[in-house]
Amino acid sequence: MLSLDSNGKGFSSSNSNLGLQWNLKDSNLYPGGGLFASVSQMGNNENGGFKLPYADLLVKYVSLPEGSKNLGLSEEESELVDRKKRGLKLKIKVSNPSLRRLISGGIAGAVSRTAVAPLETIRTHLMVGSSGNSSSEVFQNIMQSEGWKGLFRGNFVNVIRVAPSKAIELFVYDTVNKNLSPKPGEQPKLLRVPPSLVAGACAGVSSTLVTYPLELVKTRLTIQREAYNGLLDTFVKIFQEGGLPELYRGLTPSLIGVIPYAAANYCAYDTLRKAYRKVFKQERIGNMETLLIGSAAGAISSTATFPLEVARKHMQVGAVSGRHVYKNVLHALASILEREGLEGLYRGLGPSCLKLVPAAGISFMCYEACKKILVEKEGEEE
């Protein structure tokens, strides 16, 4: 406890629990005598006091303990000092909440897809076997032949495809989850399943329905490049062949793969965020924490739904190559488990997680960060 007071002389100071208060009067004049009485450099005045050099700068720029008050500053100057202490925060005004979510989702999809593009390129080369038999060998061969550009070859087309898909997916998830979740003070809604699980399934279905024709066009261009002349020509010819149903050929197997993964991914993400807030007792979650939570959610959902992906691949390969034909997904799962054991249901999980786990973490981190930047009105905090 420190307390100094000189009534009528223009100086008072107090320090209690690390809180400081200054009151500067008479042009920052301090009473003569006392602490600085012997300092000849101080300028004496006719009142017997001295003037502390650069006192205004001292008050403005010397960091004081939290809880201190700069009474010598105006409100504008105090606010400026507080902003400097907190750091500059970029805020962009977007009034429409739906537009904010769509923009945030699109940016998240583009950034996450670009970030994992080298992993996808290496994975594709490993599957084809064109540049080596290991990840390090493929990486070295690509760097020697094409350089860094080779690792991102074809990424622009993938971003055009992924960005709208992720924008719709995250927008639908956020919207459905907010509507199904009870607001503070409300009674929980009568749902036997977590709202985030339903919202995740809806998000997966919505994004697949909207972007599936583009995925089909991309596949046709890859397999039958000589038959088509660009993206628009492919779309028109496929539509002329069989109309709208032709653009959605093979949709059902895709939905079977998308729905469980999306539901598990978003449910795991929402559950981990709630657990983080409960354990650490803080409402705000930083970017690095969001990255780790999103990556963990991606790992959980990939591991939980990977057997369904294996069964779907076996059904597709069996129908084409004349191998054992399965009646349905359950029959495929039981047959693989009986023939190869549990290991057979998770064969290839490592390479799959190598791409999906970081992509999920980066996507969630960018989405949450963009939502904090895009605000409804200036000065608003997420």
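The model is a predicted one, in which local features need pLDDT of at least 70 and side-chain atom pairs count only at pLDDT 80 or more, while totals for chains, interfaces and linings use all residues. Residues are numbered from 1 along each chain as its sequence is written, and side-chain values use heavy atoms, with hydrogens and water left out.

The secondary structure of the chain comes to 14 helices and 8 strands; here helices (H or I, at least four residues) and strands (E, at least two) are DSSP runs, numbered from the N terminus. Of the 382 residues, 35% count as buried. The term buried stands for under 20% relative accessible area, exposed for over 50%, and partly exposed for values in between (1.4 Å probe, protein chains only). Among the contacts with a separation of 6 or more, 58% are made by residues 24 or more positions apart, a contact being heavy atoms within 4.5 Å.

Aromatic rings come next. A pair of aromatic rings is described by the distance of the centres and the angle of the planes. Rings of Phe, Tyr and Trp (its six-membered ring) pair if their centres lie within 6.5 Å; planes under 30 degrees apart count as stacked, over 60 as edge-to-face and the rest as tilted. The structure contains 6 aromatic pairs. One of them is the stacked pair of tyrosine 212 and tyrosine 248, with 6.1 Å centre to centre and 15 degrees between the planes. Tyrosine 212 sits in helix H8 (residues 195-223) and tyrosine 248 in the loop between helix H9 (231-247) and helix H10 (251-280), so this pair ties together parts that are 36 residues apart in sequence. Tyrosine 212 is buried, at a relative accessible area of 10%, whereas tyrosine 248 is partly exposed, at 25%.

A stacked pair is also formed by tyrosine 269 and phenylalanine 364, with 3.8 Å centre to centre and 5 degrees between the planes. Because tyrosine 269 lies in helix H10 and phenylalanine 364 in helix H14 (residues 349-373), the pair ties together parts that are 95 residues apart in sequence. Both of these residues, tyrosine 269 and phenylalanine 364, are buried. They also belong to one aromatic cluster, formed by Tyr173, Tyr266, Tyr269 and Phe364.

Charged side chains make links of their own. A salt bridge is a side-chain nitrogen of Lys or Arg within 4 Å of a carboxyl oxygen of Asp or Glu, and a search of the whole structure finds 9 of them. In one, lysine 371 meets aspartate 174 (3.0 Å, N to O). Lysine 371 is in helix H14 and aspartate 174 in helix H7 (residues 155-180), so this pair ties together parts that are 197 residues apart in sequence. Both lysine 371 and aspartate 174 are buried, and a network of salt bridges links Asp174, Glu368 and Lys371.

Within helix H9, the side chains of aspartate 233 and lysine 237 meet in a salt bridge (3.3 Å, N to O). Aspartate 233 and lysine 237 are 4 residues apart in this helix, so about one helical turn separates them. Aspartate 233 is partly exposed, at 23% relative accessible area, and lysine 237 is partly exposed as well, at 33%. Glutamate 246 forms a salt bridge with arginine 249, the closest N and O atoms being 2.8 Å apart; glutamate 246 is buried, with a relative accessible area of 10%.

What about the cysteines? A disulfide is a covalent bond between the sulfur atoms of two cysteines. With a disulfide taken as a pair of cysteine sulfur atoms within 2.5 Å, the count comes to 0. Cysteine 202 is partly exposed, at 31% relative accessibility, whereas cysteine 267 is buried, at 15%.

Two local features complete the picture. Leu99, Ile103, Ile107 and Val111 form a nonpolar patch on the surface, with about 280 Å² of accessible area together. Patches are made of residues with over 30% relative accessible area and no salt bridge, where like charges are joined within 9 Å and nonpolar side chains (Val, Leu, Ile, Met, Phe, Trp, Tyr) within 5 Å. Leucine 99 belongs to helix H3 (residues 97-115) and is partly exposed, at 42%. Lysine 281 has a positive phi of about 55 degrees although it is not a glycine. This lysine 281 lies in the loop between H10 and helix H11 (287-321) and counts as exposed, at 72% relative accessibility.

Conventions: Areas by Shrake-Rupley, 256 points an atom, 1.4 Å probe, with all protein chains shown as cover.
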